[in-house]
Each structure stands twice: as structure tokens, then as C-alpha cells.
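Q: Please take a close look at one place where two chains meet, and describe how the elements there are arranged.

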Amino acid sequence: MKIFWKTGEPYVLATGSALAVILVMSLALIGTVMTNGLGYFWPDELVQFELKDGSAALGQITQREKNPITGEQRLQIKVANRDLLGQDFRWIDEKEIKSRSLPSKAVLIERREHGNFFGFLNGVTAEGVTLNTLPPEETLEQAMTIVSDKLSKTDQIRKEMSDLNNKAEHLRLKLLRLEYSGSTKSNIEIEESKESREKALSDFTELNDVFSNKLAEIGEITAQFTDVSGGTKDIALVDIVTVQYPNRMTFFEKCGAYIERIRELLLDDPRESNTEGGLFPAIFGTVMMVMLMSVFSLPFGVIAAIYLREYARDGVMTRMIRIAVNNLAGVPSIVYGVFGLGFFVYGIGGSIDNLFFPERLPTPTFGTGGILWSSLTLALLTVPVVIVATEESLASIPKGIREGSLALGATKFQTLTKNLLPMATPGIMTGLILSMARAAGEVAPLMIIGVVKLAPTLPFDANFPYFHMDRKFMHLGFHIYDVGFQSPNVEAAKPMVYVTTMLLLAIVIIASSSAIYFRNRMRGKYTTSTF
Amino acid sequence: MAKTFTDKSRRNDRIAEVLIRIGGIMVIVSVIWILVMISQVALPLFYPSSATLAATVKLPSAGSNVRILAVGSEEKRQGVFSLDETGTFRFFKVSDGSISAAIKAPGIPAGATKLVSAENRGKSSYNLLWDNGAVSAVSVDFSSTISNDGLINLIQNVSEKGELSLPPTNRTLQSFARYVENRGTVRVDHLTGDHIRVTCQLTETDFLGNETKSTAVSEYSDPLPGSLTALAVDSQAHYLYGGTDNGILLRWDISEPGETRLLDNISASEGHEAITSLALVLGDVSIAVGDAKGRISTWFPVNVSGSGADKRLTKIHVLRPNPGKVSFILPSPRSKTIFSSDSASIHADHMTSERNLLTIKSSAPVIRASISPKGNTLTLLDNTDSITVWDLKIQHPDISFGTLFGKVWYEGYDKPGYSWQSSSANDDYEPKMSLVPLVFGTIKATLFAMLFAVPLALLAALYTSQFMSPKLKGRVKPVVEIMAAIPSVVIGFLAGLWLAPLVDKSVLTIFLSIIIVPLMLLLTIFFWKRTKRASPLQRVTHGREFIAMIPVVLLGFYFAALLSTFAEAQLFAGDFKQWLFNSLEIRYDQRNSIIIAIALGFAVIPIIFTIAEDAISNVPRNLTAASLALGGSRWQTAWRVVLPSALPGVFSAVMIGFGRAIGETMIVLMATGNTPIMSWSLFNGLRSLSANIAVEIPEAPFNSSLYRVLFLSAVLLFVFTFIVNTLAEALRQRFRKKYGRY
């Protein structure tokens with residue numbers, strides 16, 4: 001026994017359990033996100049509870065736990081119908097339950113407003129539309145297709161309206177510019193612009209009337225539902241996103257519904273102050289910001305690394321640069337945010353506004369947070385990642401290759417571009433991917449310099465000049481913070497946050513694990529093949 | 001052709017070299033640039049204030065011995081005015097000193113011939129006390145128009161304020177009049193014989209339109225400790241303050257109609273010097289007191305222990321003394337700055353920061369002064385009848401090293417303290433911007449997180465580099481590296497919305513697992529020793545011990561959870577949190593330091609692990625081989641040979657982890673309640689410097705004091721992490737030099 005302790009085997013076990021704790025924690029984190037995130041889209045059964053006090057409840061069971069006061073088991077049930085019941089969830093003690101059943105007619109309606117509706121379908125009222133007399137479910141389906149047909153017809157109007165709106169905005173800015181320049185010969189132009197703006201605006205109002213009339217007309221088509229306690233509810237079909245009967249769906253139908261929801265998540269706009277619907281603008285904003293960032297950080301990082309590895313002699317300068325690189329990597333990200341705000345937004349942005357857009361002041365154009373400033377700030381923040389990766393891959397290239405190239409008469413620059421850089425490309429790419437992963441997850445600096453909870457427009461669209469660098473954007477990481485911590489109904493928003501978290505985590509983990517995989521493979525390649 | 005090609009190549013080579021060198025140096029430049037830029041925003045906090053003489057206007061004589069009672073200036077320093085004892089406002093153009101208008105004060109009470117005094121109610125409004133004891137109120141307004149040729153035309157207007165015109169009385173020496181909602185007009189008179197009379201006149205209109213006038217008069221005629229030398233009334237006529245010739249400060253409650261109650265009777269100066277001047281600082285909480293020796297102090301009522309619910313006037317701030325007798329005190333209408341004069345010069349001091357901002361020397365003794373509504377123009381009248389207008393540049397009077405890092409006695413507080421509360425709904429609020437609670441919060445969060453993370457990360461790194469089979473190491477290391485890539489917002493979200501409610505349900509589990517998991521470990525070791533004899537198991541687990549430990553750890557947590565329910569029911573009456581509060585008076589926040597320690601620790605573990613593992617692995621193989629060859633066990637080798645050699649590298653790993661924890665924003669923001677409190681309790685939240693920046697900077701107005709203080713805290717964070725990182729890097733470079741790259 002004494003020897004056992006003396007040789008220190010127990011301590012080895014202790015160190016091993018430290019690693020075990022770390023791994024357990026990581027697994028717990030990923031497991032929690034996965035279980036909560038993946039389950040959200042699965043159409044759970046709608047259980048009808050008959051309670052002992054005579055009332056009934058219909059909903060999806062979300063959790064089971066011990067009641068902290070009475071010590072009895074209780075169920076958390078998502079009862080939805082926020083507009084009728086006031087809240088989405090309720091707790092029911094298990095001993096209060098008389099019976100449970102799975103009514104096959106129970107319907108889950110996903111609405112554009114007020115969250116989901118759980119209940120039973122009664123019928124469809126459609127004025128001016130002929131519907132075949134069918135069971136109510138099929139009538140609803142038929143009416144839904146009619147409504148979506150009608151809605152797609154209004155798309156043309158909507159597009160025209162948005163064009164007119166853009167035109168009017170464009171003219172407004174032009175007018176501001178003309179008035180600011182103040183030269184007398186532009187008077188005629190001002191008049192002309194004013195006139196065409198007036199016209200565009202009046203056209204817009206006209207179309208808007210037409211549009212809202214059509215919408216109102218479509219809104220006349222409604223379906224009647226009863227909730228579990230017998231109350232009735234009319235829902236306009238326009239407000240319905242999907243209709244599901246989870247209790248009679250087969251496994252494959254549920255899979256189909258699941259995939260449909262994932263498509264919606266990736267490609268649709270958010271609804272209900274970001275707590276439902278899709279994440280498209282956030283995904284788009286994140287991706288575009290990261291891309292833009294790479295454009296700035298890659299050249300800078302690669303050049304700095306080349307300098308350190310190929311040009312600089314070992315000395316005070318290199319040591320200082322190394323210290324600088326480490327500090328760039330170690331300075332808190334919020335400090336970058338503060339710097340970005342003071343330097344890019346108020347400093348450079350303010351100057352740009354004064355020089356190029358003085359007519360729009362005091363409304364700032366570049367003098368406020370935007371995607372350009374965000375990506376520049378994050379570029380600075382992620383440059384060290386690129387530098388370290390590039391340096392490492394340059395270092396792993398055998399010396400013989402440099403010497404061979406130089407001996408054959410190539411200049412240092414030629415050696416660099418023709419030999420070293422192509423060989424180092426996988427390493428540089430690794431660094432780039434790692435820096436992108438870092439940037440995708442960084443939130444703190446963005447909160448100050450350009451991210452918003454809901455951006456009305458994407459930073460890239462079909463209107464000139466296509467890339468709108470001054471626009472604010474949405475971001476997956478900020479979406480998590482905002483929906484999870486700033487939304488009024490955190491409990492109802494939680495599933496959405498888990499889904500967003502899962503998406504962000506997946507992006508980051510896939511990106512970084514592939515980068516690490518490639519890096520390790522590359523390391524292996526050079527260390528085995530040379531010397 | 002060949003020659004040109006070579007030339008071109010050479011030229012390209014040289015250009016490229018220059019560009020690449022610039023690129024390399026840009027890295028240093030950008031680090032310095034960041035520091036310079038954020039410091040540049042923060043520095044104006046400490047810039048001195050300045051006053052420049054904008055204009056001098058020589059008053060034409062208005063007649064022999066006509067006293068001037070008030071002077072004032074227009075906001076843009078284009079026009080000045082004076083009020084003399086005949087009740088005439090004379091307006092002068094600053095540019096040439098010519099009179100632009102002379103307006104007799106409107107609403108002069110019948111029978112009045114001469115003005116006795118004029119009290120400035122702020123914003124160029126005056127209460128005029130006439131020689132027959134009647135009071136009228138006027139205010140001066142300026143409006144400017146810009147004519148076509150760009151000249152500014154000033155239009156001045158003097159209007160009457162009707163509800164403050166009061167009938168004549170006798171024996172009045174000094175008078176104050178206030179109009180207060182619900183209480184009507186309140187008039188406070190200082191009568192001969194040092195009596196005080198308070199008259200409340202309320203006119204009520206009922207729904208039928210009938211007016212009922214009620215008047216309540218109270219006269220305070222008790223003997224006073226000395227004769228009154230100065231009086232002041234706050235803007236809502238709640239309190240009347242008085243100072244006597246033997247240095248006694250008095251305070252009366254006059255808020256009840258018909259009742260005047262003496263609340264305070266306190267000696268305000270050590271040498272019983274006469275109190276010569278009293279004025280209320282913006283916000284009506286503090287009173288500034290100036291005495292004959294030139295000392296200036298501010299006072300406000302404080303709960304004194306043993307005095308019951310009553311509050312007693314207490315000396316709070318002592319400002320820099322004037323050389324001579326304080327002749328008047330002028331509060332700024334925009335900030336808690338007070339201007340005081342000893343005739344020869346004017347001093348500006350900020351109450352909270354106790355900073356002496358300015359001293360303006362006047363060529364002749366100053367007899368009248370006023371400050372413009374925006375607080376940036378000072379108008380002085382000296383005894384040679386000339387008006388000087390001063391342009392004041394006082395940027396951040398409320399910030400000093402004292403307010404940022406020292407204890408400050410804020411208005412309404414019972415004792416000096418460190419406090420962060422940057423803004424409030426009203427303008428006369430005293431901003432509390434002490435960085436101490438934030439620095440404390442940062443250190444607390446970092447410390448707890450490091451206590452959690454360092455042992456785990458270092459032990460795991462030691463195991464991975466020394467005992468784990470190389471094949472497994474190739475798998476586990478990337479996993480931990482990927483852990484490092486998990487965005488902090490994800491960790492923060494899970495900590496705040498998943499872990500915090502979970503821990504909230506059973507706090508005891510956390511404490512019990514600290515005991516039970518190691519106990520389980522000991523138990524396992526015991527059995528391990530037994531099973532080791534059966535050698536096939538040993539061969540299988542050698543280098544993979546941690547896999548066997550995973551179920552042990554999980555079981556440990558499970559037992560802890562089971563036991564905690566039991567323990568809570570048996571020992572803590574079923575509710576640990578309630579028990580904590582009842583018996584130890586410890587408040588439990590859901591988002592507390594335990595959560596922070598775990599979440600922040602989790603975030604820095606991979607960083608410490610990776611760097612430490614690299615450092616330990618880089619110890620030359622021949623050292624290990626020698627130790628093992630001499631008969632050392634694998635643990636002895638690792639602990640006594642490898643770890644001491646790798647110590648600098650391990651230390652730098654800890655430092656880098658520390659630097660990361662200090663600046664982490666999102667986790668602290670999401671997993672704590674962001675309350676800037678100073679307590680070491682595990683069960684309370686905190687607010688860190690970084691989270692504070694994230695919370696407050698979106699609402700901080702550009703270039704305001706708050707904005708600059710937030711930049712200053714960014715500078716602090718930068719400097720702190722710079723020191724830590726540079727130290728870590730220096731250590732690492734030395735370590736690398738020692739062992740080279742193996």
C-alpha cells in the first residue's frame with residue numbers, strides 16, 4: 001500500500017479525473033444544447049388532460065419535476081393560446097389529473113402573431129370563394145391554397161411598392177444634396193426632383209391602398225376553432241403559417257414537418273420580436289460580416305507573419321512584434337469594441353459624414369455603427385489567429401526549399417510567392433477558418449458598434465450600390481443574448497434561443513474542428529517527410 | 001530582355017520587402033494605436049478648466065450713488081444687462097458697449113420708490129424687494145434673429161411673474177418668495193430683531209370657479225444663538241437655512257403652512273467665524289456655507305445614529321478655502337459646481353469631486369456676479385462699474401481621481417462609500433462613478449473562476465501530456481481546442497438560463513460534490529489498488545484511466561444531488577436558501593458568483609489547458625527518459641522532473657488564462673445580475689468593468705463624463721491585460737530559449 005502511494009498512482013488517477021470533469025462538463029454543455037435545440041421542432045403530441053376539478057387542458061408536455069412546495073410530481077405543459085390564456089405554459093400536479101387522452105382531431109396552428117394555437121377545427125368561412133363541401137380539415141387545406149395563391153398575386157404589388165419607396169428615398173437624398181450645395185442652377189433640378197418624389201409618394205399611397213384592400217379581402221377568409229374549454233376562436237387564414245395534427249401524424253410525416261421547420265429556420269425572417277420564425281437575417285448578417293472581416297484580416301495577418309518568419313532578424317523588433325501579437329490576442333474584446341466606437345464610428349465615420357454626406361447631418365450615415373466598422377474591428381481582433389497559423393505553417397516548411405529556390409537565383413519575393421506561400425496555403429486557410437469561427441462567436445464588441453436586434457434591411461440587396469456598408473445588421477450571437485435576456489417572455493423564447501445556440505455552436509464547432517483537423521494533418525505531413 | 005527581367009524581379013523584391021516590413025511594424029502600430037485612441041478619449045476627464053475674458057463693458061454712470069443690484073449676460077455673450085435700484089434694466093451691446101435698451105421693471109408695486117435687493121431665482125429671473133416691503137418678480141428673456149447680412153440681432157424682454165407679487169410689509173430686511181405647487185406663494189421674511197416670518201398664500205379655485213384665498217402666517221421669534229448674517233431658501237420652500245455671526249448654522253422646516261420649526265442648530269466653523277454666505281447647490285439637497293475666514297464647506301442632512309428618524313445637518317465636503325472673507329456663493333444651474341468670491345477673485349469648485357476648477361482674478365473687487373443658465377458664462381461687476389464677461393470651459397468637473405477611486409459621500413447617503421450609479425431620471429442628480437466596485441467585481445469574478453479552472457486545467461494538462469496514451473492524446477487535445485472555440489455568448493446563455501436555475505434548485509449539490517467527488521475518487525483508488533493485481537485490467541486502462549474516471553465523476557455528482565435533497569430536508573428545514581437568510585443573513589441571488597466561477601472557469605480552462613499542455617510536452621524527452629531509467633515512477637517523473645522544468649510555461653498559461661478571464665464580457669454580463677455591489681459572498685452577483693462598458697456605453701452621450709469614464713475603464717482593462725500578457729509572453733520566450741524547439 002505504501003509503495004502504491006509512493007509511486008503516485010493515486011495522483012495519476014486524480015489528474016485523470018480532472019480531465020474527466022472537464023470532458024463531462026463539455027459533454028453536458030453540448031448535450032444540453034442539443035437536447036433542447038433538436039427537440040424544439042419535433043411536433044409533439046397534444047395531450048388532453050381531464051382534471052379533477054372538472055376543467056380540461058390541451059397541450060404538449062415539456063417537463064416533469066417535483067413541486068418545490070408540495071413535493072408532488074408535476075408537469076409543465078405548453079398550452080399555447082397566448083391571446084386567450086395570457087401565458088404559454090402552465091403547471092399541473094399529477095394527482096390533479098383524472099385522465100389523459102390523445103384526441104386525433106387536435107390541431108396545432110402556428111400563427112404569425114400570438115404564438116401557437118392548440119384546439120379543434122370547426123369549419124371555414126370564406127366569402128366570395130367557392131369551396132367544395134368536404135370534411136373541415138380538407139376544406140381548410142383547400143382554403144389555405146386559395147389564400148396563398150391570392151397572396152402570391154399581391155407579391156407583384158409589394159415589389160412595386162418597395163421600388164417606389166426606394167425611388168422616393170433616393171430622391172429625398174438627392175434633394176438634400178441639391179439643397180445643401182445651394183447653387184442657383186440646381187433650382188430647376190430641385191423642382192423636378194420634388195415633383196417626381198411627390199409623384200412616387202402618391203403612387204405609393206395609391207398602391208398601398210390597393211394592397212391593404214386586397215389583404216383585407218383575403219383576411220375575410222377565416223377558420224373557426226374551439227379550444228379545449230369550449231371557447232371559439234376565429235383565425236384569419238392569412239395569419240396561419242402551418243396546420244398540423246400531431247396526434248395522427250406518422251413518424252415520417254413528423255420527420256417531414258421537422259425538415260420543413262428547419263428550412264423555415266434557415267430561410268425565413270423572424271416573427272414575434274425574434275422569438276419565432278426564421279433566422280435568415282441573422283445568419284446572413286453573421287456570414288457577411290465574417291466574410292468582410294476576412295478580406296481585411298487575411299492580407300494583414302499573412303504579411304505580418306511573413307515579416308516575422310522570413311524577413312525579420314531575431315532581435316528586439318521581432319520580440320516586440322511578438323509581444324504585440326500576443327497582446328492583440330489577449331486584449332479583451334470589449335476594449336476592441338470601445339476602440340471601434342471611438343476610432344471607426346465617431347472618428348473615421350464622423351469625418352466621412354462631414355466630407356461626403358454633409359447634407360444628411362445630423363442624421364449619421366457612416367458616423368454610427370454598421371457592418372463595415374464591425375468587420376474592421378473584428379479583423380483587428382482576429383489578426384493574431386491568422387498570424388500565428390501562418391507563421392506556424394511557414395515554420396514547418398523545410399529550410400531546403402528556401403535555400404534551393406534562392407540557390408537557383410530566385411529573389412526572396414519570388415521564393416515567397418512561388419514556393420513558400422503555395423506550400424503554406426493550407427496553414428493559412430486553417431488560420432482563416434479559426435479566425436472566422438472566433439469572429440462568428442464574438443458578440444461583446446459588436447453590441448456597441450453595429451449589431452441590432454432587428455434590422456429592417458439586409459446589408460446586401462438589389463438596390464444600388466448593392467453592398468450597404470453603413471447598414472446595421474443582425475448577428476446570431478447577439479440574437480442569443482437579445483432573445484434570451486432582453487425579451488419580455490423569456491420562457492416562451494427559450495426554445496428559439498436553444499435553436500440559435502445550436503446553430504451557432506454547430507457553425508463554430510464544424511469550422512474549428514475542420515481547421516484543427518487540417519492543421520494536424522499538415523503538421524504530420526511535414527514532420528514525417530523531412531529530416 | 002533577360003536583364004530587364006532580372007531588374008524587374010529585383011525591383012519587385014525590394015518593393016515587397018519594404019511593404020512586408022511595413023506590414024510587420026503595423027502590428028505594433030495597431031496595438032499602440034488602440035491604446036492611444038482610447039486614452040485620448042479618456043484623458044479630457046482630467047484636463048484643467050479654463051476661463052477666458054470674452055468682453056468688458058464699462059457702465060455709463062446712471063446717476064450719483066445709484067447702486068447696481070444685479071448683472072447678467074445673454075447665453076451667446078452678445079449682450080449684458082444691469083439692474084439698478086431704480087428698477088431699471090439697462091441692456092448693453094458687448095461689441096461696442098452701447099446701450100441697446102433701458103426697460104423699467106414691469107409691475108412695480110404701488111408706493112414703492114426704490115429697490116432694496118434683487119434675488120436671482122435662476123435663469124435670469126429675479127425677485128425684487130422694494131423699500132416698502134413689497135415684492136415683485138420679473139424675468140429677462142433674450143431672443144435673437146439673424147438678419148440677411150449675417151448679423152445677430154438681440155431682442156430683449158422683461159416680463160412680470162404675477163403670482164409672486166406680494167403686498168408691502170414692514171420691518172423687512174430681506175425677503176424670499178417662492179411659488180410652490182399646492183402650497184401657493186410662500187414668502188419668507190427676515191425681520192428686524194432677527195425674527196423670521198413665513199407667509200403661505202394659497203389661492204384655490206373650486207370646480208364652480210370660486211376662488212378661496214387662505215393665508216397662513218407664522219413668525220419665529222425665539223432667541224437665536226447669534227445674529228443672522230446669511231439666509232437661504234430652497235426652490236420648493238421646504239427648508240430655510242440661516243447662518244449667524246458666531247458661526248452657527250441653522251435650519252428650519254417651513255414646509256407646513258403656519259408652522260416654522262427649527263431643526264438644526266449646529267456650529268459650522270471651528271473658530272466661531274461668522275457665516276457670511278449661504279447658497280443651495282443644484283438639486284436643493286446640499287447647502288454651501290462660506291465664512292469670514294474664507295472657508296467653504298457643503299452640508300446636507302444625514303441620519304445620525306442615536307438621533308432617531310431625524311436627520312442632522314452634517315459637514316460633507318470641504319472645498320478649497322478662499323484667501324479672504326466669502327462675500328457670495330453662486331451655484332451653477334447645470335452642475336454641482338459652486339462659484340464663490342472673496343471680492344478679489346472668483347473660485348469655481350465642484351462639490352462632489354472637491355476639485356478646485358478655476359480661479360478668476362479680478363482687477364477690482366467684485367460686487368455682483370451671475371452665471372448663465374447653461375453654466376458656461378460668468379458675468380462680474382466690479383466696484384469700478386465695469387462688467388466683465390467670462391467664457392468658461394469646464395468639461396468634466398465631477399470627475400477626479402478621488403471620485404473614481406476613493407470613497408465619496410454622495411447626497412442622500414449616510415456615510416462615504418464606493419458607488420456606481422451613472423444616471424437617473426432627473427438632471428440635478430449626482431452621478432456616482434466610482435470604478436472601485438467594478439474593479440472589485442472584475443477581481444472577484446476572475447479570482448473565483450481561476451480557483452475553479454486552474455487546478456482542473458493544470459491537472460488535466462499534466463495527465464494528457466504525461467500519462468495518456470499518444471493515440472488518445474491525439475483525440476482529446478483537439479476536443480479541448482474545440483472547446484476553446486465555443487463562443488462566450490453560448491456559455492453565458494447556458495450559465496444564465498440553464499445552470500443558474502439548476503443550481504438555484506439545489507445549491508447544496510455544488511458544495512456536496514466538492515466533498516463527495518473526491519471521496520468517490522479515494523474509494524476508487526482503494527479498489528483500483530485491489531483490482532490492479534488482476535493485471536489484464538491494468539494493461540487495458542494504462543494511459544486511459546480518465547475514461548474509467550468519467551463514470552466515477554458522474555456517480556459522484558449524482559450522489560451529491562441525492563444527498564443534497566436529504567441534507568436540505570434534514571439539516572436546513574427543507575430550504576437551504578431560506579436557512580441561509582434566516583440564520584446567516586446571507587441573501588441568495590439566482591445569478592451569483594458560483595455560476596460565474598463555473599461559467600467563466602469553463603471558458604478559460606481550454607486556454608490554460610492548451611498552453612500548459614504544450615509547455616509540459618515541450619520538456620525534452622531525454623529528461624523524462626533519464627528519470628524513468630533511474631527507476632522513478634511515471635508520477636515521480638512527471639511531478640518532480642517534468643513539472644518543475646515546465647513551470648515558467650505553466651505559469652504563463654495561468655497568466656494568459658487570467659488575462660482572458662479579466663476581460664471576458666458576455667459570460668459575466670449574462671450570468672450575473674450586474675449589480676455593482678462589493679461583497680465577497682459566493683451567493684451575490686457582481687458587475688465587472690467589461691460588462692459595465694457593454695451595459696452603459698450604448699446609452700452614454702458622446703463625449704459626456706460617463707462616455708469618457710467608460711473609455712477610462714477600457715484603458716484600465718487594456719493596461720491590465722497588457723501587463724499580464726507581456727509578462728506571460730516574456731516568460732514563455734525565456735522558457736523557449738531554455739529548451740529550444742524540440
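A: The axes of helix 2 (residues 9–39) of chain A and helix 3 (residues 436–467) of chain B come within 8 Å and cross at roughly 115°, where axes are lines fitted to C-alpha atoms, for helices over the stretch in contact, and angles run from 0 to 180 degrees between N-to-C directions. Helices here are DSSP runs (H or I, at least four residues), numbered from the N terminus. This is a predicted model, in which local features need pLDDT of at least 70, side-chain atom pairs count only at pLDDT 80 or more, and totals for chains, interfaces and linings use all residues. Residues are numbered from 1 along each chain as its sequence is written, and chains are lettered from A in the order in which they are written.

Helix 2 of chain A and helix 3 of chain B are therefore roughly perpendicular to each other, a term for angles of 65 to 115 degrees. In this contact (C-beta atoms, placed from the backbone, within 7 Å), residues including A:Val12, A:Gly16 and A:Ile22 of helix 2 of chain A meet residues of helix 3 of chain B, among them B:Pro455, B:Tyr463 and B:Phe467. The residues of this contact divide into 13 nonpolar, 3 polar and no charged, with Ala, Val, Leu, Ile, Met, Phe, Trp, Tyr, Cys and Pro counted as nonpolar, Asp, Glu, Lys and Arg as charged, and the others, Gly among them, as polar.

Across the whole interface, 84 residues of chain B are in contact with 81 residues of chain A. Helix 1 (residues 2–42) of chain B gives the most to the side of chain B that touches chain A, with 19 residues, and that side has 56 nonpolar, 18 polar and 10 charged residues.

Technical notes: Helix = DSSP H or I, 4+ residues; strand = E, 2+ residues; numbered from the N terminus. Parallel < 35°, antiparallel > 145°, perpendicular 65-115°, else oblique. Contact = placed C-beta atoms within 7 Å.
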